[in-house]
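This report describes one protein structure for a reader who has not seen it before. The sequence and the model come next, and the description follows.

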Amino acid sequence: MAILLILMGLGFGYAPAQKTTQTENIFLITVDGLRWQEMFKGADSLFVDDTGMSESQGSLLKEFWDTDPLNRREMLMPFTWSTLEEKGQLHGNRTYGNKVDLRNNMLFSYPGYNEILTGSADDERITSNAKNNNPNTTLLEHLQHMPAYKGKVMAFGSWDVFPYIINEERSEVPVNAAFDMAEGPNLTEAERMINRMQQEIRGPWAGVRLDPFTHHFAMEAIKKEAPKVVFIAYGEPDDWAHDNQYDEYLHSIKQFDAYLKDLWDYIQSTPQYKNKTTMIITTDHGRGVDKTTWTGHGSGIPRSREVWIAAIGPDSQPFGEVKKEAVLYPAMIARTVFQLLALPYPDGDADAVISDLLP
């Protein structure tokens, strides 16, 4: 009888596959609108001392400028170009023909996040940034509805559209986004303080909060709830870029890099996460490349299709900056996350896996 049950299970695909990965937890991190040019080359020589793009001429040079782009990028993102390069992977430096391209043709935020989170572009239904519940099922929702992950999936974002992108109502994934506050009967002292500060400190944008609130809400929840899957979406670089403030754009990127360090240091210092967690980092779109187009993105600015992907974790070989000619897509992240967790992705139409991120 036991043999018969095993054979039936194999025949119908129910037999559990033997886990060959070490990853038990996923931290999926996005940063809105960070160009690959700054990621891999540091501050842009055309922008860094432009009087119309910074509060005062020369103010960025000491902190961000060097004639060598390898030095510039380390000045801008020290964690990325030390720990992440040494122990992880960075894809998307088009100088070497290593490309990461969006599948969607909208080339702005909602379609980009849908692509990352679902594994497929949807140019028929996701055509704006309107607050419409996503008809597609994200990887977060798939996991939340699995017994092993129910109640262990959390999302945090700076933009007020994330509850709709994740379809919080249907997915039951808790989303703390925009000006949401930490809630519940057992708030930590830090959470109460962050709630208070968010009420008192308003950023310059109506639908986007400053990234420190997103980061620290996420960190406190991670420490308290120990989720298995965390999605954190930082937003400041895109908004400062739209405002043509290159100085604030660079400062927000450097702060984002510090947040990555904060997350990775916590992961590596915590028994539940250490050597069991993969962190995948990407962006929802690129931007234009000159002074007239860099503030924007979308189908009218084709180079905003150009993005990047980074990762660090126990199953990903430490290739560092990948220089081989290749093309990856953010849509490949969803299936890759599931394969790292030794799970089949429920949507057969989703993109392929990123084999470099797998053992």
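Contact, as used below, means heavy atoms within 4.5 Å. Helices (H or I, at least four residues) and strands (E, at least two) are DSSP runs, numbered from the N terminus. This is a predicted model, in which local features need pLDDT of at least 70 and side-chain atom pairs count only at pLDDT 80 or more, while totals for chains, interfaces and linings use all residues. Residues are numbered from 1 along each chain as its sequence is written, and side-chain values use heavy atoms, with hydrogens and water left out.

## Two helices side by side

Helix 11 (residues 211–225) and helix 13 have axes that come within 11 Å and cross at roughly 5 degrees. Helix 11 is therefore roughly parallel to helix 13, a label given to angles under 35 degrees, whereas angles over 145 count as roughly antiparallel, 65 to 115 as roughly perpendicular and the rest as oblique. Axes are lines fitted to C-alpha atoms, for helices over the stretch in contact, and angles run from 0 to 180 degrees between N-to-C directions.

From helix 11, Asp211, Pro212, His215, His216, Met219, Ile222 and Lys223 meet Tyr259, Asp262, Leu263 and Tyr266 of helix 13. By class, the residues of this contact are 6 nonpolar, 2 polar and 3 charged. Here Ala, Val, Leu, Ile, Met, Phe, Trp, Tyr, Cys and Pro count as nonpolar, Asp, Glu, Lys and Arg as charged, and the others, Gly among them, as polar.

Helix 13 (residues 246–269) also lies across strand 1 (25–31), strand 6 (229–234), strand 7 (277–282) and strand 8 (309–312), and it runs at about 170 degrees to strand 7.

An open sheet is formed by 8 strands in the order 5-4-6-1-7-8-2-9, with mixed pairing. Its edge strands, strand 5 (175–177) and strand 9 (320–321), each pair on one side only. Two strands pair if DSSP finds at least two bridges between them.

| Strands | Sense | Bridges |
|---|---|---|
| Strand 1 and strand 7 | parallel | 6 bridges |
| Strand 1 and strand 6 | parallel | 6 bridges |
| Strand 2 (residues 89–91) and strand 9 | parallel | 2 bridges |

Threonine 30 has threonine 282 of strand 7 as its bridge partner, and isoleucine 26 stands opposite valine 229 in strand 6.

Strand 1 is mostly covered, with 7 of its 7 residues buried. Buried means under 20% relative accessible area, exposed over 50%, and partly exposed in between (1.4 Å probe, protein chains only). Asn25, Phe27, Ile29 and Val31 point one way from strand 1, Ile26, Leu28 and Thr30 point the other way, and all are buried.

Threonine 282 belongs to strand 7 and is buried, with a relative accessible area of 0%. Leaving aside neighbours within four places in sequence, threonine 282 is in contact with Ile29, Thr30, Val31, Ile116, Trp308, Ile309, Pro330 and Ile333.

## The core and an enclosed helix

A nonpolar core is a set of buried Ala, Val, Leu, Ile, Met, Phe, Trp, Tyr and Cys residues joined through side-chain atoms within 4.5 Å. The largest one has 102 residues, of which Ile29, Leu139, Leu140, Phe231 and Tyr246 touch the most other members. Helix 13 gives the largest share of this core, 11 residues. Not counting residues up to four places away in sequence, leucine 140 touches Leu117, Val153, Ala155, Ile166, Val173, Val229 and Phe231.

Helix 6 (residues 109–118) is largely enclosed by the rest of the structure, because 10 of its 10 residues are buried. Its cover includes strand 1, helix 7 (139–144), helix 8 (162–165), strand 6, strand 7 and helix 14 (333–340). Just after helix 6, glycine 119 takes a positive phi of about 95 degrees.

## Positive phi at two alanines

Most residues other than glycine have a negative phi. Alanine 226, in the loop between helix 11 and strand 6, has a positive phi near 50 degrees. Alanine 342, in the segment after helix 14, has a positive phi near 60 degrees. At 30% relative accessibility, alanine 342 counts as partly exposed.
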